[in-house]
Amino acid sequence: MDQIQDASEKAQNRKPRALEARQEMRPTMWRMPEALPSPEPRPGWSHRWIRTSTLGQSDPSNISSKLREGYEPCKGDDYPELMLHTSTEGRFKGSVEVGGLILCRIPAEFMDQRDAHFARQNKAQMESVDNTYMKDNDPRMSKFSERSTKVTFGPGS
């Protein structure tokens, strides 16, 4: 009898479920899903998705050239925000992989050196084009002439 009375008292002391505060785990607004998730930025590293296969056919030459360039596959353990996308089999087991692309990282200083290399290459190509274009320039019929204009405002100008 005491057990029934204790259960009855507990039921009476319980708060209604509607009054209990619940934690909402859902996002507050809808967002378009990303095709490729972005890792949280890490100081000193630059990230890039690199192709390992296309339409189910592996692409070893692409990934090997990127590895020689200095990229290294990102492990899922190091990127807990992307752990859902960790590969469980194959050559890159434990790495972050989505649809034939693998997330790789490279030191930021390598990227700065790479950018400087391609900037020099671009500058040399532009200078070559300009020199080739201007080499047969005849002063009587100039291909390029700089003109200056002057804009003034107000009376008496």
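So, in what order do the elements of the protein chain run from the N terminus on? They go α-β-β-β-α-β-β-β-α, which gives three helices and six strands. Helices here are DSSP runs of H or I with at least four residues, strands are runs of E with at least two, and both are numbered from the N terminus.

Some housekeeping. This is a predicted model, where local features need pLDDT of at least 70 and side-chain atom pairs count only at pLDDT 80 or more, while totals for chains, interfaces and linings use all residues. Residues are numbered from 1 along each chain as its sequence is written, and side-chain values use heavy atoms, with hydrogens and water left out.

Now the overall picture. The chain has 157 residues, and 18% of them count as buried. Buried is under 20% relative accessible area, exposed is over 50%, and partly exposed is in between, with a 1.4 Å probe and protein chains only.

Let's go to helix α2, residues 60–69. Asn62, Ile63 and Lys66 are buried there. They span an arc of only 90° around the axis, so they sit on the same side of α2; that arc is taken from the directions from the helix axis to the C-beta atoms. The face turned away from that buried side carries Ser61 and Arg68, which are exposed. And what do the buried residues of α2 pack against? That would be β1 and β6, the latter being residues 101–107. Just after the helix, Gly70 has a positive phi of about 125°.

Ile63 brings us to the largest nonpolar core: Ile50, Ile63, Tyr71, Phe92, Ile102, Cys104, Ile106 and Met111, eight residues in all. β6 gives the most to this core, three residues. Apart from it there's another core, of seven residues, including Cys74, Tyr79, Leu82 and Val96. A nonpolar core, by the way, means buried Ala, Val, Leu, Ile, Met, Phe, Trp, Tyr and Cys residues joined through side-chain atoms within 4.5 Å.

Next, Thr52, in the loop between β1 (45–51) and β2 (53–54). Is Thr52 buried or exposed? Buried, because its relative accessibility is 10%. Leaving aside neighbours within four places in sequence, its contacts (heavy atoms within 4.5 Å) include Ile63, Phe92 and Ile102.
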